[in-house]
Number of protein chains: 2
Amino acid sequence: MLRIGIVGLGLIGGSLGIDLRAKGHYVVGLSRRPETCERAIAKGAIDWGSTEPEILRALDLVFLCPPIGSILPVALDIRPYLSPETVLTDVGSVKGEIVPALEKLWPRYVGGHPMAGTAESGIEAAQAHLFENAPYVLTPTLYTDSAAIDCVAGVVNDLGAKLLYATPADHDRAVAWISHLPVLVSAALLLANAQEANEPIRKLAQQLASSGFRDTSRVGGGNPALGRMMAEYNRAAVRHCLIHYRATLDDLIRQVEQEDWERLHTTLEEAQAYREQVYPSGTPPVV
Amino acid sequence: MLRIGIVGLGLIGGSLGIDLRAKGHYVVGLSRRPETCERAIAKGAIDWGSTEPEILRALDLVFLCPPIGSILPVALDIRPYLSPETVLTDVGSVKGEIVPALEKLWPRYVGGHPMAGTAESGIEAAQAHLFENAPYVLTPTLYTDSAAIDCVAGVVNDLGAKLLYATPADHDRAVAWISHLPVLVSAALLLANAQEANEPIRKLAQQLASSGFRDTSRVGGGNPALGRMMAEYNRAAVRHCLIHYRATLDDLIRQVEQEDWERLHTTLEEAQAYREQVYPSGTPPVV
């Protein structure tokens with residue numbers, strides 16, 4: 001049983017609390033708003049909550065779960081209240097800038113990224129088993145305390161998540177491909193369609209839109225603040241992916257313009273083969 | 001009760017047969033392979049089947065359900081066997097070239113496009129209720145016999161589908177936006193990722209891929225022959241969409257390169273608002 005603190009009681013913080021309490025850990029929460037603490041207690045996400053950082057004293061492990069832009073300022077705010085032996089981790093979805101800053105700030109820090117979420121946000125959206133079978137990346141560096149890694153890894157296993165290790169830079173480049181680029185590709189699909197000047201065509205397209213358009217446009221229609229922050233905090237990797245994506249798109253456009261249907265067929269076969277490699281047939285879908 | 005013929009017993013033809021028989025119609029099937037007829041009878045998709053076009057004599061309505069590239073040649077093959085009063089329709093997903101050709105060939109022809117499908121194909125994939133609540137577009141022209149329209153419309157209603165009317169050209173432009181463009185946008189995402197030269201990053205990306213990448217890459221990893229035919233038969237509209245999509249993508253790339261995060265935020269808000277317009281919150285998903 002660990003004494004665990006959660007700073008920021010939103011979807012991720014609240015869902016962590018629900019599962020960690022279910023595993024027998026004692027969980028306290030810190031939020032700026034007293035009502036959020038009350039809701040988190042009522043939902044069973046924390047044992048106790050407060051708006052005062054004193055609540056973080058004498059804990060084994062603290063999760064930083066504010067929006068990515070607030071992780072560093074919040075860490076600075078709470079640092080005076082942490083005991084020297086407390087392990088600190090965060091759940092930010094980009095690690096390249098946060099990890100070096102936080103490890104200077106706190107010797108027992110390990111970067112982390114639970115790759116789970118829903119379309120909803122806030123404490124009301126918190127749910128049990130959110131992290132089960134989802135990847136959870138830890139991003140230790142040469143400076144990371146190995147006992148701190150073991151502590152966070154143990155809790156990740158408690159959550160039933162798929163534990164992976166990566167350097168902060170590799171993590172950021174990989175998530176740019178599978179998380180941040182899809183948001184922009186998908187947003188561009190919505191925007192291009194929205195800008196179709198022929199209104200009857202646009203209206204008809206909306207009436208005909210079925211599962212293909214719905215799936216392809218889902219992440220592009222998500223939280224704009226989150227999409228913006230992904231691009232802002234991971235701009236080098238996102239730019240790399242965008243440039244390569246545009247080159248691939250240009251190849252497809254060229255095949256259509258040259259009416260090279262054999263080449264298009266081969267290209268689509270390559271796409272199908274790669275997807276089969278990432279999601280082998282018969283594998284139950286990872287949610 | 002109508003006497004209905006289905007030419008081509010795949011996913012669409014077989015699923016039509018199952019529902020139409022359930023509504024009390026008498027359904028015969030024409031296939032090139034005797035085994036397919038046997039399987040279709042065994043699945044309850046047809047009352048009787050044959051490899052001989054004589055089976056199409058004295059029917060009220062015939063559905064042409066071969067792959068899009070075979071619709072015209074198959075129509076020419078069966079024409080000598082149809083009774084003059086038989087209504088002819090097809091299920092091709094592009095209408096601009098097929099409709100003028102078929103209406104010259106058969107006076108009682110009405111173009112159609114049931115917008116339903118699964119990842120599977122063939123008679124084994126045929127299923128009941130495939131068309132329920134799905135859009136079913138009819139594309140009559142100035143030359144179309146109005147009694148023929150009423151006949152097909154009645155059967156579409158029997159299927160529980162959402163009946164819509166559009167000109168062949170408008171239909172093709174609308175499906176380019178919501179069906180054909182998403183395939184190419186999604187395939188480009190898979191291909192760009194597959195071409196990441198850094199193998200450890202590519203492997204890590206595959207391990208981390210979760211629901212966002214899965215949804216955005218789904219249609220791009222589908223049947224290459226189908227994707228190729230969509231682009232080939234609908235090339236003008238697909239090209240129009242691709243060019244507009246590239247311009248929209250270029251705007252996003254420019255915002256990232258100029259680090260104009262406020263502008264990116266506004267752009268993503270527009271994408272979110274458009275998706276909310278197409279799929280209002282709380283609406284049950286259309287499958």
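In the predicted model, chain B and chain A together bury about 9100 Å². Carbon and sulfur atoms account for 67% of this buried area. On the side of chain B, the residues that lose the most area to chain A are B:Trp177, B:Leu208 and B:Tyr274, which together make up 8% of what that side buries. In terms of contacts, 91 residues of chain B meet 91 residues of chain A.

Polar and charged pairs also occur across this interface. Between chain B and chain A, 31 residue pairs are in polar contact, counted where both residues have pLDDT 80 or more. The interface of chain B and chain A holds 12 salt bridges. In one salt bridge, B:Glu262 is paired with A:Arg228, and the closest N and O atoms lie 3.2 Å apart. The side of chain B that touches chain A draws two or more residues from each of several elements, including strand 8 (135–138), strand 9 (162–165), helix 7 (199–208) and helix 11 (261–278) of chain B. Helix 6 of chain B gives the most to this side, with 20 residues.

One residue of chain B, B:Thr267, can be followed in more detail. B:Thr267 is located in helix 11 of chain B. Its relative accessibility is 5%, so B:Thr267 counts as buried, the cut-off for buried being under 20%. The side chain of B:Thr267 comes to 2.8 Å from the backbone oxygen of B:Arg263. Apart from neighbours within four places in sequence, B:Thr267 is in contact with B:Leu252 and B:Gln255 of its own chain and with A:Leu191 of chain A.

Chain A was also described as a whole. Its secondary structure consists of 11 helices and nine strands. Along the principal axes, the C-alpha atoms of chain A occupy a box of roughly 70 × 40 × 35 Å. Chain A has 287 residues, of which 57% count as buried. Of the contacts in chain A between residues at least 6 apart in sequence, 65% link residues at least 24 apart.

On the surface, a nonpolar patch is formed by A:Met1, A:Tyr26, A:Ile41 and A:Trp48. Together these residues have about 460 Å² of accessible area. A:Met1 counts as exposed because its relative accessibility is 70%, and exposed requires over 50%.

Definitions and conventions:
Residues numbered from 1 in each chain as written. Chains lettered and ligands numbered in written order. Heavy atoms only, no water. Patch = residues over 30% accessible without salt bridge, like charges linked within 9 Å, V, L, I, M, F, W, Y side chains within 5 Å. Areas by Shrake-Rupley, 256 points an atom, 1.4 Å probe, with all protein chains shown as cover. Salt bridge = Lys/Arg side-chain N within 4 Å of Asp/Glu carboxyl O. Buried < 20%, exposed > 50% of the residue type's maximum accessible area, 1.4 Å probe, protein only. Contact = heavy atoms within 4.5 Å. Buried area = accessible area lost by both parts, 1.4 Å probe. Polar contact = N/O pair within 3.5 Å; in protein donor to acceptor, adjacent residues only side chain to side chain. Helix = DSSP H or I, 4+ residues; strand = E, 2+ residues; numbered from the N terminus.
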